[in-house]
Amino acid sequence: MDRRAGLPLMRLLFIGDVVGRAGRAALLAHAPALRDRWRLDLVVANAENAAGGFGVTEAICDAFFAAGVDAITLGNHAFDQREALVFIDRQPRLLRPANYPKGAPGRGVAMIETAAGAKALVINLLGRVFMDPLDDPFQRVDEELALCPLGAGCDAAIVDFHAEATSEKQAFGYYVDGRVSLIACTHTHVPTADARILPGGAGFVTDVGMTGDYDSVIGMAKEEPLRRFTRHIPSGRLEPALGAATLCGVAVETGRDGLARRIAPLRVGGALAPTEPEFWND
Ligand SMILES: [Fe+2]
Ligand SMILES: [Fe+2]
């Protein structure tokens, strides 16, 4: 018997790296209305760049939660704002990567109960290719999914796999395929066009894309990155670009088995062409 046969259908939205004031403004402007319009069960946002491009503050977390975000994930910039080392321990829905060394503040996994009473597991992990060498994310996800299998321990499971290399992201996707509802990959700040359902039923996208001003170099005002690339000498701070942001997300509907049955990208506002999960517009 398939013990995963009777799970609630759920509508999930994952919002990619929110960058600076422009990204925050887009999230705060759009998230509440999107949540209402599509009757979303769960909204997760990556906020590792939300505070001036580097890290997150508690005030930003509170504002995102008030705007209808259920859980916040981070990445390699998790602790750029030093206050996060302290407040993360009192914010159970704020996650830093689960493969940080043992003893790091905060947690990398949360169980979110939705308004309808469903249970959604959210996991944040960092890749290791072209990034700091943390614990093995493949082993860490095994440990977490053994503790809380889809269907037995939760009704949906979402992993934010925050990594640089597309190869590592895709390998990770196949590794957890069939065991989670969605692998939303982040960090490279440009949406990829491959949102799809993997053979085992997990939704996957190689990069959700940032929620920020795309008239920029991965969210930062162009001038300083250009100076660094052309002169090879840093001559100022990297500052988030302040033009209108595109909110980038990936939308997934889960089926009775907790796996993805529909997936589509979401892009709203700013410089990128808009797109929506049409299957929710009926
Ligand atoms: Fe980022
Ligand atoms: Fe990152």
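Select N49 and H189 to begin: both are buried, meaning under 20% relative accessible area, where over 50% is exposed and anything in between partly exposed (1.4 Å probe, protein chains only). You're looking at a predicted model, in which local features need pLDDT of at least 70, side-chain atom pairs count only at pLDDT 80 or more, and totals for chains, interfaces and linings use all residues. Residues are numbered from 1 along each chain as its sequence is written, chains are lettered from A and ligands numbered from 1 in the order in which they are written, and side-chain values use heavy atoms, with hydrogens and water left out.

Now show the iron ion (ligand 1). Its protein donors are D17 (OD), E48 (OE), N49 (OD1) and H189 (NE2), at 2.0 to 2.2 Å. Donors here are N, O and S atoms within 2.8 Å of the metal (3.2 Å for Na, K and Ca); water is not among the atoms, so sites may look incomplete. Angles among the 4 donor atoms run from 88 to 163°, and the site is irregular. N49 sits in the loop between strand 2 (42-46) and helix 2 (58-66), while H189 is in the loop between strand 7 (182-186) and strand 8 (196-197), 140 residues apart. Helices (H or I, at least four residues) and strands (E, at least two) are DSSP runs, numbered from the N terminus.

Which residue coordinates both iron ions? Pick E48: it coordinates ligand 1 and ligand 2, which are 3.4 Å apart.

Next, click on the iron ion (ligand 2). E48 (OE), N76 (OD1), H162 (NE2) and H187 (ND1) coordinate it at 2.1 to 2.2 Å. Why is this arrangement irregular? Because its 4 donor atoms subtend angles of 87 to 146°. N76 lies in the loop between strand 3 (71-73) and helix 3 (84-87) and H162 in strand 6 (residues 156-162), so the pair ties together parts 86 residues apart in sequence. N76 is partly exposed at 28% relative accessible area, whereas H162 is buried at 0%.

Last stop: D177, in the loop between helix 5 (166-176) and strand 7. A polar atom of the D177 side chain lies 3.1 Å from the backbone nitrogen of G201.

Note on methods
Tetrahedral: all angles 85-135°; square planar, octahedral: opposite > 155°, others 65-115°. Polar contact = N/O pair within 3.5 Å; in protein donor to acceptor, adjacent residues only side chain to side chain.
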